[in-house]
Amino acid sequence: MNTQQASQDIHAFTAEAQAAIYQAIFSRRDVRGQFLPTAVPDEVLSRIITAAHYAPSVGFMQPWNFLVVRSDEIKRKVHAAFAEAHAEAAEMFEGDKRATYKTLKLEGIVESPVGICITCDRERAGPVVVGRTHMKTMDLYSSVCAVQNLWLAARAEGLGVGWVSIFNQPALQAALGIPKGITPIAYLCVGYVSHFFAKPELEAAGWLPRLPIEDLVYFDQWGNSDDQQPLVRQLVRDQAAMQAAANASPLQPATGQ
Ligand SMILES: Cc1cc2nc3c(=O)[nH]c(=O)nc-3n(C[C@H](O)[C@H](O)[C@H](O)COP(=O)(O)O)c2cc1C
């Protein structure tokens, strides 16, 4: 065994653990319409919120809070804020797109048993933060990392998550009592589901396709693509395999196992 192989073996997860990680990544979906009323046990909620809290953050500032919404009354307020913005959003699309937009279900706020609003406190570590000295939005991106950790952990637990962002920000803040200095990053609908779709619903509905990965990868300089690179040929094969797998299984059982 050469030195490189040895160091890979020391640090790599087992093949089974690797497969589980990729399964969570590729079978994660944004869920809107398949929520079941089944309660989510506190132990499970605790695991996914803890996973979120262990996300990376700029300067380790951990700018997030997790506002857990269980009250039907509060959910209805959040839904009212969504409905207002959703009606405005429809008017921003033209023609066929507007008609299609109106048919899309873009939230499960009331049906999902739990809502979790992940926020960003931009002042948490004071005005000067390691790593945020020049690119000021890094704290916002840190809270987004927390969202993704929660989303993947939830998928592994068999929980669906749907990110709702169609809000006028002040209306969402008012519904949840979030003070002005705190930025809401994601309102997440969380719950067990009847099933997970194999593909993004927007892809299946013909709204947008998944982009070819070879168009997105550049080498050394912006815009420098090279489809003769072995890496690019491998990326094309990997994406084709993922798309073929998704096409072969339009629905996955809710357990996803
Ligand atoms: C920042 C962000 C905001 C989103 N906002 C909404 C939303 O308001 N409503 C919705 O139905 N989906 C929303 N989504 C989910 C996307 O539509 C979804 O991730 C995308 O269509 C790909 O599908 P998938 O997550 O199932 O792979 C959002 C996703 C992100 C990352």
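The C-alpha centres of domain 1 and domain 2 lie 27 Å apart. Keep in mind that this is a predicted model.

Reader: Which residues does the domain assignment give to domain 1 and domain 2?

Author: The bounds come from the domain assignment of the chain. Going along the numbering, it gives 28-197 for domain 1 and 210-257 for domain 2.

Reader: How are helix 2 and helix 6 placed, roughly parallel or roughly perpendicular?

Author: Helix 2 covers residues 15-27 and helix 6 covers residues 138-156, and their axes are 9 Å apart. They pack at an angle of about 105 degrees. Angles of 65 to 115 degrees count as roughly perpendicular, so helix 2 and helix 6 are roughly perpendicular.

Reader: Which residues make that contact between helix 2 and helix 6?

Author: Sort them by class and you get four nonpolar, one polar and one charged. Helix 6 brings Leu-152, Arg-155 and Ala-156, while helix 2 brings Ala-24, Ile-25 and Ser-27.

Reader: What about helix 4 and helix 7, roughly parallel or roughly antiparallel?

Author: Here we have residues 72-90 for helix 4 and 169-176 for helix 7, packed at about 170 degrees. An angle over 145 degrees counts as roughly antiparallel, so helix 4 and helix 7 are roughly antiparallel.

Reader: How many residues in the contact of helix 4 with helix 7 are charged?

Author: From helix 4 come Ile-74, Lys-77, Val-78, Ala-81 and Glu-84, and from helix 7 come Ala-171, Leu-172, Ala-175 and Leu-176. Seven of the contact residues are nonpolar and none is polar, while the charged ones number two.

Reader: How many charged residues are in the shell around the ligand?

Author: The residues surrounding the ligand include Arg-29, Asp-30, Arg-32 and Glu-107, along with Trp-163 and Pro-200. By class, the shell has six nonpolar residues and one polar residue, and its charged residues number four.

How values were computed. Residues are numbered from 1 along each chain as its sequence is written. This is a predicted model: local features need pLDDT of at least 70, side-chain atom pairs count only at pLDDT 80 or more; totals for chains, interfaces and linings use all residues. A residue is near a molecule or strand if its C-beta atom, placed from the backbone, lies within 6 Å of it. Ala, Val, Leu, Ile, Met, Phe, Trp, Tyr, Cys and Pro count as nonpolar, Asp, Glu, Lys and Arg as charged, and the others, Gly among them, as polar. Axes are lines fitted to C-alpha atoms, for helices over the stretch in contact, and angles run from 0 to 180 degrees between N-to-C directions. Helices (H or I, at least four residues) and strands (E, at least two) are DSSP runs, numbered from the N terminus. Angles under 35 degrees count as roughly parallel, over 145 as roughly antiparallel, 65 to 115 as roughly perpendicular and the rest as oblique. Two residues are in contact if their C-beta atoms, placed from the backbone, lie within 7 Å. Domain bounds come from an automatic or database domain assignment.
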